[in-house]
Amino acid sequence: MKQIQVELGERSYPVIIGTECLAQALDSLLPKQAKRAAIVTQPNIGITPATSIEQETFHIGDGENAKTLKTIEDLCSEWAQWGLTRTDVVIAIGGGLVTDVAGFASAVYHRGVKVIHAPTTLLGMVDAAIGGKTAVNLEEGKNLVGSFWQPAGVICDVSSLSSLPEREWRCGYGEVAKYHFLGAKDLHKLSLTEQIMGCIQLKAEIVREDERETGRRAILNYGHTLAHALEMEKDFSLAHGEAVAIGIRYAAEIARILGRIDQERVEEHEEILAHYGLSFTLPSSFDWDRIVSFFQRDKKALEGISFVLDGPNGVEVVKIENQEILKEAMEALK
Ligand SMILES: NC(=O)c1ccc[n+]([C@@H]2O[C@H](COP(=O)([O-])OP(=O)(O)OC[C@H]3O[C@@H](n4cnc5c(N)ncnc54)[C@H](O)[C@@H]3O)[C@@H](O)[C@H]2O)c1
């Protein structure tokens, strides 16, 4: 087992990476005071490790439409009926949806109960389970209600990926591709475990520097402004990582139009996305006005529309003064 520490003072925690390591790693992370473990997962994942304390499994629904405040309420009610206390522990076993929902419910249940994340998707391992961002969706937008709630530990058991459907692999690689442009170059030449560790290392560094996303952490949203808008516009028929791949290519086009990067760098974007088997073709139809309204509601848009863009100083948040550029970039991708 390998370990990467997310250094956040008293909220620091380890990310354990290994194969067939879930049960052993869980035992080492269980809080001493915990008498009960509430395992939150989805029925199709089929991973229920035995812990050394009393445990109960709580299932949540599949798909973004299950990522709601109602799910949080139901989960908290079920925990209360079972008798979960503030000193017990929640264990989230699943993809980003499960860790986001279980993380948020843990943040608000009894004003905060410890949570351990065991991501079972590539996307969860390289991104969603690390860094303490938790959220659910509203009709008005994705991840609009949530909290920062750092886990007590994260376990990336790479063997749990063996049952992952092909589409979910692509989704994970959408985020892996993102890290290439955030500074983790040459990741594509490494083994899967090394790629996962490379992403975690970079994410841990960014989170340590800016836990609450007041600055640098926003770069983790590279490709996500269009991605979130497309996901909402297409009613989640487009998966997150697929949308991120399109969003990364779109962000490169905006950066090129603004003169921040040259054509060669745009081609590097295409090469990396293609290397990971990702398509960056726009959906055949969508409502542009709705897409723009989602841009305006994006969380990093404090005023007007902002995008995370590549440029001479690396990737950074850029305010878009001329919205025509957004349309021009969209036309170029069609
Ligand atoms: N909190 C963050 O920092 C952060 C970062 C990125 C993404 N996210 C969120 O993560 C979510 C996407 O996560 P995701 O891509 O992991 O999707 P997901 O959690 O919806 O999982 C995708 C599908 O894979 C299934 N699955 C999970 N593990 C499996 C396994 N081992 N074998 C077979 N099937 C398995 C799930 O049941 C589901 O059907 C989005 O809601 C996104 O907003 C959060």
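Trainee: If two strands pair when DSSP finds at least two bridges between them, which residue stands opposite Val40 in strand 4?

Mentor: Phe58 stands opposite Val40 there, and strand 3 (residues 36-41) and strand 4 (residues 54-59) pair in the parallel sense over six bridges. Strands here are DSSP runs of E with at least two residues, while helices are runs of H or I with at least four residues, and both are numbered from the N terminus. Keep in mind that this is a predicted model, in which local features need pLDDT of at least 70 and side-chain atom pairs count only at pLDDT 80 or more, whereas totals for chains, interfaces and linings use all residues. Residues are numbered from 1 along each chain as its sequence is written.

Trainee: And what does strand 3 do with strand 5?

Mentor: Strand 3 also pairs in the parallel sense with strand 5 (residues 89-94), over four bridges, and Ile39 stands opposite Ile91 in that strand. Five of the six residues of strand 3 are buried, so strand 3 is largely enclosed by the rest of the structure. Buried means that 20 or more other C-beta atoms lie within 10 Å of the residue's own; with 12 or fewer a residue is exposed, and in between it is partly exposed, the C-beta atoms being placed from the backbone.

Trainee: Is helix 7 mostly covered or exposed?

Mentor: Helix 7 (residues 224-233) is mostly covered, with ten of its ten residues buried. The buried residues of helix 7 pack against strand 8, helix 8, helix 10 (288-297) and strand 10 (305-309). Helix 7 is followed by Asp235, whose phi is positive, near 50 degrees.

Trainee: Which other non-glycine residues have a positive phi?

Mentor: Among them are Arg111, with a phi of about 60 degrees, and Glu213, with one of about 55 degrees. For context, most residues other than glycine have a negative phi. Arg111 is found in the loop between helix 3 and strand 6 (114-119) and is exposed, because 7 other C-beta atoms lie within 10 Å. Glu213 lies in the loop between helix 6 (192-209) and helix 7, and counts as partly exposed because of its 18 C-beta neighbours inside 10 Å.

Trainee: Changing topic, how many residues surround the ligand, and which are closest?

Mentor: There are 29 residues around the ligand, the closest being Gly95, Gly96, Leu97, Thr121 and Ala128. A residue is near a molecule if its C-beta atom, placed from the backbone, lies within 6 Å of it. The elements that give two or more residues to this shell are helix 3 (96-108), helix 4 (122-128), helix 5 (166-181) and helix 8.

Trainee: What classes make up that shell?

Mentor: The shell has eight nonpolar, 14 polar and seven charged residues. In that scheme Ala, Val, Leu, Ile, Met, Phe, Trp, Tyr, Cys and Pro count as nonpolar, Asp, Glu, Lys and Arg as charged, and the others, Gly among them, as polar.

Trainee: Last one: how many residues lie between strand 7 and strand 8 in their hairpin?

Mentor: Two residues lie between them, and strand 7 (residues 133-138) pairs with strand 8 in the antiparallel sense over five bridges. In strand 8, Gly146 is the bridge partner of Ala135. Another hairpin, that of strand 10 and strand 11, has six residues between the strands, and Gly314 there takes a positive phi near 90 degrees.

Definitions and conventions. Two residues are in contact if their C-beta atoms, placed from the backbone, lie within 7 Å. Two strands pair if DSSP finds at least two bridges between them.
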